[in-house]
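Visitor: Hi, could you walk me through this one? I'd like to hear about the sheet and the helices around it.

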Amino acid sequence: MQRYICIHAHFYQPPRENPWLEAVEIQDSAAPYHDWNERITAECYAPNAASRILDGKGRISNIVSNYARISFNFGPTLLSWMEKYSPDAYQAVLQADKRSAELYSGHGNAIAQVYNHMIMPLADSRDKRTQVKWGLRDFEYRFKRPPEGMWLAETAVDNETLNILAEHGIKFTILAPRQAAKVRKIGTGKWKDVSGGVIDPARAYLCKLKSGRRINIFFYDGPISQAVAFEKLLDRGEDFVNRLLSGFTDIRKWPQLLHIATDGETYGHHHRFGDMALAYALNHIEANGTAKLTNYGEYLEKHPPTHEVQVFENSSWSCIHGIERWKSNCGCNSGGRPGWSQEWRGPLRESLDWLRGQLAFRFEHKAKQYVENAWKARDDFIEVILDRSEKSVDDYFKRHSKKDMSPDGKVLMLKMLEMQRHTMLMYTSCGWFFDELSGIETVQVLQYAGRAVQLSEDIMQDNLEGAFMKRLSTAKSNLPEHENGTVIYKKFVKPALIDLKKVAAHYAVSSVFEEDVDETGIFSYTVRNEDYRKITAGIAALAIGRTTVSSNITRDSGDVSFCVLHLGGHAVNGGVGAYFGESLYRSMKEEMIRAFEKGAYADIVRLMDHHFGTHNYSLINLFRDRQRKILEHLIAGTIEDFVDTYTSIYDTNRILMGFILEEAGMPVPKAFRAAAELTLNTRLKNAFSEEELDVDGIQELVRDFRRWNISADSPEIELSVRRRFEGMMNRLNVRPLDFSYLLEIERLLELIKLLPAEINYWHMQNIYYKTADAFVRDASLKRAQGDEEASRCIDAFKYLGELLNFNVSAILKEL
C-alpha cells in the first residue's frame, strides 16, 4: 500500500505590537536584534525558506524551501508583521505555497488560522464567527486562494467551532490524538472508544455535526510529534528520518498517512539548525522513495475518509485538562517555579468576560445609529485592517452605513470598530499560558484591554476603567511587589496609554534634536507642523510650535501647541496643551522667546506651568525607539572620549606590555587588556566602514587580537563586516562576469575568514546560489565563443563558492 508523509508546522508569535502605536518597540532581551519577531525570523522563518542540505563533508550541496514541502499555517498577525518588516521572508512563504500547489495536485501547503489565536471554546459565538471570518479573509488576501484547512489556536475545539468552520467552507482541521473520543467505520452502527490518544492517526476522519454539516479531521501522530518538539530528534537528520518512517506499519491495509504537527519555531528557533534537519529528512524521503510527501488537501482528495469520529468537547493539545489552562489553576504551567499558583487565570478571564459584555453592549447600542448591522460591520472590518487607505475606508462605509456619513461619524465608527478589534486581541491565548500574572504576555493582553477601555470612554464619555480595575484586584500575582491585577494594570498599562497629546509631546521633545520637522510619521500617527520655531544660544535651545496630530487608524485628529526647553545633554523640559486659537498661541510664543533671549530659563519653566499645566515632558516620555536613538546620540561624545583615553593607554603601553608578555612571561594586567579590547574592536569596526579597505591594516589588527588573546565584540563586528560583504555580494548580481570584481570579493572573504569573530554567511550564500544559474548560462556561452576572460571568471566563481562552503561541483553541475 502507498505510504504518505505530511509534516505540519504551526508558525505563530503572540502579537507584540504596542496597542497604541501598532508597532513592536525595541526589546533588549532579543539583542542583537531589534525585537523577538525579528530574531525568530532570522533563526527560523527566513532559514526555512532557504534551508541548507549538506554533503558528507559538511558543504552546501543544495538550498531548498521547506515551506514548499511541508504543510504549514502562519498566524495572521505574524504575517502582517512580516509583510512590513521582513518582506523577503514573507514573499518566500507565499511563493512556496504556489510552488506546493504545483507539486501536490493543485493543493497548496498553507492553511488558515483563527485570527488572533483565541481559545475558541471559551469565546462567545460572535467572536468565534469573527475569528474565522477574519482568518479566512486574511488568508485569501495574502495567498490569493481560499484555504482548505484552518488551524485552531492550541487545537482547542468544541462542536460549535467545528460547525462554524464547516459553514465557512473549511474542509479540515488538525487535532491531537487525545481529542478523539469515538470512531466507527462509515455506514456501521457501533462506535469504538479511542479515548486516551489511541486513535489510529494514519487516515482522515469524517466528523458529522449536529447541524447536518460535515468536516474532516486529521489527528497527528502524538509520540513522534512529541519527540520532534521535546526529545532532541532534530539534532541529527538521520534520526528524524528513521523516527518518521517508524510510524508506518504493514498491518494497515490502506494508504497510510504519517503526519506530525509541532510549533513551526521548533525548526530553527527552539532547536538551532532544526530547519536543516527538516530539509535533510524531506530530501532523503523524496530521494529514496520511502514515502510520498503530501499535504492534507491532496491526501483528502485522493483518499476520502472511510471512518467517522466524535471529538471531546473543550479539549486541546497543550492542556491535559481540556481548556482549563486558559481559565483556571489546573496545574499546567511552564515549570521551574515551585510554589507558584495560577489561580489568577480565572479572575483574569472573568474580568475580561465582564469587560467584553460591557463593550459589546456599548458597541451595539452606539453603532446602530450609523450602520445597518453592527456585527456584520465588525465581521467585514478585516477589509480595513488589511488596507487602511482612504479609498478602502470609504468603500467600507459605503457598504455598511445607513446614510452618507460625516467625517466625525466615520471617526466615531472607526473608534468603535477598533474597540472591538482590541476586545478580541485581549483574548490572545498566550495571556494565560504562562505562570505569572505580571508576565509580558499577560501584560500585553491587559494593554489590549486598556486600549479598548480608552476607546470606549472616549466614545461614551463614561468611566468604565474604574469598575474593570476593581475586578482585576481578585487576580493575585505570585510576586509580592505586584500584588494583584489592579496594581499590575496601574504599573504597566496606565503609563503606556497614549493619546494625541502624548504623540505631540513625543514630537515636540524629539524636534529639539531634529533638523527636518515639517511633517513626520510617528508609528501609526502623522504629525504636521502648522507653525514651528527653534532658537539656540550655546548649548541651550528653545522649540515652540503648534501641530496637527492625526491617527492613521481612527482618523481622529487634534491641534496641539507646545514649548520645549533644552539645556544641553538630557536636560529637557516641555509643555504640551490643546491649541486654543491664534491669539493665545502668539502671546505664549512671544513670552517664551523674550524669556529665552534674556537667558531667563527658570521663567520659561514657570511660563510652561502657566500655559500648559504642571505636567512636564522630557526624554523619559519619548517612545522607546526614538528615546534610544537620542540617548545614544547624547552619549556618543562621552563614549568617544572613553575610546580616545583607552586608545592612548593602549598605544602608549603596547611595546611595554609586549615585553611583559613575551619576554618576561608575566600575565598582562587586566587594565591593559581592557584598553586593548576596546581599542582593537573599535578599530576593526571602523576599518570595515571605510570606503577603501586597508587590507594590511586589518591583518595587523587580527594579529593583535591573537597576540593579546582578545575576543572580538561579536555582534557589532559581525554586523559591520557582514553588511560590507553583503553589499558586495548584492552587486555581484549585476557584475557576475567581472573578473576583477570577483577577485576583490575573494580577497575580502579570505580576509574575513581570519577575523576573530563568527560571521553569518547565510545571506551571502543565498546570493551566490541565486546567481549561479545565470552565471553558468552566461559564462558557458562566452567560453564557447572563445572568451578567455570567461574561463578565468569560471575559476574565480568556483573558488568563491568554495570559500562560501559550497560543494561547487553539485551547485555548478554544467561547468
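Guide: Here is a chat about a sheet, one of its strands and some helices. This is a predicted model, where local features need pLDDT of at least 70, side-chain atom pairs count only at pLDDT 80 or more, and totals for chains, interfaces and linings use all residues. Residues are numbered from 1 along each chain as its sequence is written, and side-chain values use heavy atoms, leaving out hydrogens and water.

Visitor: OK, in what order do the strands of the open sheet come?
Guide: The order is 15-16-17-18-19, with antiparallel pairing. Strands here are DSSP runs (E, at least two residues; helices are H or I, at least four), numbered from the N terminus. Two strands pair if DSSP finds at least two bridges between them.

Visitor: Which strands stand at the edges?
Guide: Strand 15 (519-522) and strand 19 (572-578); each has a single partner strand, so one side of each lacks a neighbour in the sheet.

Visitor: And strand 17, how many of its residues are buried?
Guide: 11 of its 12 residues, 540-551, are buried. Buried means under 20% relative accessible area, exposed is over 50%, and partly exposed is in between, with a 1.4 Å probe and protein chains only.

Visitor: How many bridges does strand 17 make with strand 16?
Guide: Those two pair over 12 bridges, antiparallel, and Val527 stands opposite Val549. They form a hairpin with 2 residues between them, where Gly538 in the turn has a positive phi of about 65 degrees. With strand 18 (residues 557-566), strand 17 pairs over 10 bridges.

Visitor: What about Thr548, buried or exposed?
Guide: Thr548 is buried, because its relative accessible area is 9%. Its side chain makes a polar contact with the side chain of Asp559 at 2.7 Å. A polar contact is a pair of N or O atoms within 3.5 Å; within protein, one must be able to donate a hydrogen and the other to accept it, and residues adjacent in sequence count only if both atoms are side-chain atoms.

Visitor: Switching topic: at what angle do helix 6 and helix 7 pack?
Guide: Helix 6 (residues 222-230) and helix 7 (residues 237-245) pack at about 170 degrees, with axes 10 Å apart. Axes are lines fitted to C-alpha atoms, for helices over the stretch in contact, and angles run from 0 to 180 degrees between N-to-C directions. The two helices are therefore roughly antiparallel (that label takes angles over 145 degrees).

Visitor: Which residues make the contact?
Guide: Pro223, Ile224, Ala227 and Val228 of helix 6, and Phe240, Arg243 and Leu244 of helix 7. Contact means heavy atoms within 4.5 Å.

Methods: Angles under 35 degrees count as roughly parallel, over 145 as roughly antiparallel, 65 to 115 as roughly perpendicular and the rest as oblique.
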